[in-house]
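Good morning, colleagues. I would like to take you through one protein chain, from its overall architecture to a few side-chain pairs.

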Amino acid sequence: MTKTVKRGALIVLEGCDRSGKSTQCTKLVERLNSLKIPAKKISFPDRTTSIGSIIDKYLSREIDLPDRAIHLLFSANRWELEPEIRKQIQSGVTLIVDRYSYSGIVFTSAKKCVDLGWCCAPENGLPKPDLVLFLKLSLEEMSKRGGFGNERYENIDFQNEVGKTFDKLTDDFIQINASKDISTLTNNILEIVLKTIDNISCKPLKELNFNEIKVKQSNMY
Ligand code: T5A
């Protein structure tokens, strides 16, 4: 008789730039693996693919692209990893994801050039996270962290707009105070992640459907 493998969880860390997402994703995977829970980190944008290399050139200001074109490339970068995400989750691996569709929607929307519905549409149908943690950090603290200002989007006015847009997007995120020290944060986040892994049990992985999203302000751009 074949043994049914319990699926892994899809956990996303979101937040403004330099809020510590990458650091926490790496630490979480280490801690989960040390507890013998199979876990891997993936990051968006994934700059290692051919689509990701265009995104990297755009972010480092090597090339310019129209806002809609770069938005669709960020989304395509998620879709090219979608089969792998499903495969890993079904094989029992928990994925800790550094940014996801929410960043895609919010960063383009904060440019105030495209309406929210247009930003959301390409994300519909991607695997829906079991948990989204939002790392919240003040603009002042963010700007003091290493490397801030190196890439496109890393300026205080735009990050302020990004923060406000994230706030309007959904009530479903669990907010985390990202100003705490790294190990305290990892302990806090690990506790929530372990509960999620326990709770998913036999629940199937859902799909994102932004047509149902709870947008707090209907005229949001
Ligand atoms: N984007 C992204 C879109 O426009 N559309 C999309 O669809 C997607 C997915 C690049 C840009 O692309 C945009 C958003 C971004 O502007 P990225 O590759 O995630 O996205 O950007 P990165 O520059 O790699 O990462 P971030 O700027 O988001 O930084 P992190 O991951 O939040 O922070 P991290 O962990 O690298 O830490 C930053 C610094 O702070 C320190 C670290 O040591 C490091 O120096 N630090 C702390 N210091 C004190 N206390 C703590 N608790 C700390 N945690 C970390």
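Predicted model: local features only at pLDDT ≥ 70, side-chain atom pairs only at ≥ 80, totals over all residues.

Of the 221 residues in the protein chain, 48% are buried. Eight helices and five strands make up the secondary structure of the chain, and along the sequence they follow the pattern β-α-β-α-α-β-α-α-β-α-α-β-α.

Let me turn to overall dimensions. A compact globule with 221 residues would have a radius of gyration near 17 Å, and the protein chain agrees, since its own value is 17 Å. Along the principal axes, the C-alpha atoms fill a box of roughly 55 × 35 × 35 Å. Among contacts with a separation of 6 or more, 82% are between residues 24 or more positions apart. The accessible surface comes to about 10900 Å², and carbon and sulfur atoms account for 52% of that area.

The largest nonpolar core has 63 residues, and the members that touch the most others are L13, Y100, Y102 and V193. Helix α8, residues 182-200, gives the most to this core, with six residues. What does V193 touch, if residues up to four places away in sequence are not counted? The answer is I11, L28, L32, L131 and L133.

Just after α2, R61 takes a positive phi of about 65 degrees.

That brings me to E151, which is placed in the loop between α6 (139-144) and α7 (156-169). Is E151 buried or exposed? Its relative accessibility is 19%, and it therefore counts as buried, the cut-off being under 20%. Apart from neighbours within four places in sequence, E151 is in contact with R47, D56, L59, S60 and R61.

I close with the charged pairs. A search of the whole structure finds 15 salt bridges. One of them joins the side chains of E123 and R78, at 2.9 Å from N to O. E123 lies in the loop between α5 (116-120) and β4 (131-136), while R78 is in helix α3, so the pair ties together parts that are 45 residues apart in sequence. Both E123 and R78 are buried.

E161 and K112 form another salt bridge, with their closest N and O atoms 3.0 Å apart. Here E161 belongs to helix α7 and K112 to the loop between α4 (101-109) and α5, so this pair ties together parts that are 49 residues apart in sequence. E161 counts as buried at 16% relative accessibility, whereas K112 counts as exposed at 51%.

Finally, salt bridges that share partners join R47, D56 and E151 into one network. Thank you for your attention.

Terms used:
Residues numbered from 1 in each chain as written. Heavy atoms only, no water. Core = buried A, V, L, I, M, F, W, Y, C linked by side-chain atoms within 4.5 Å. Buried < 20%, exposed > 50% of the residue type's maximum accessible area, 1.4 Å probe, protein only. Helix = DSSP H or I, 4+ residues; strand = E, 2+ residues; numbered from the N terminus. Contact = heavy atoms within 4.5 Å. Rg over C-alpha atoms; globule rule 2.2 N^0.38 Å. Areas by Shrake-Rupley, 256 points an atom, 1.4 Å probe, with all protein chains shown as cover. Salt bridge = Lys/Arg side-chain N within 4 Å of Asp/Glu carboxyl O.
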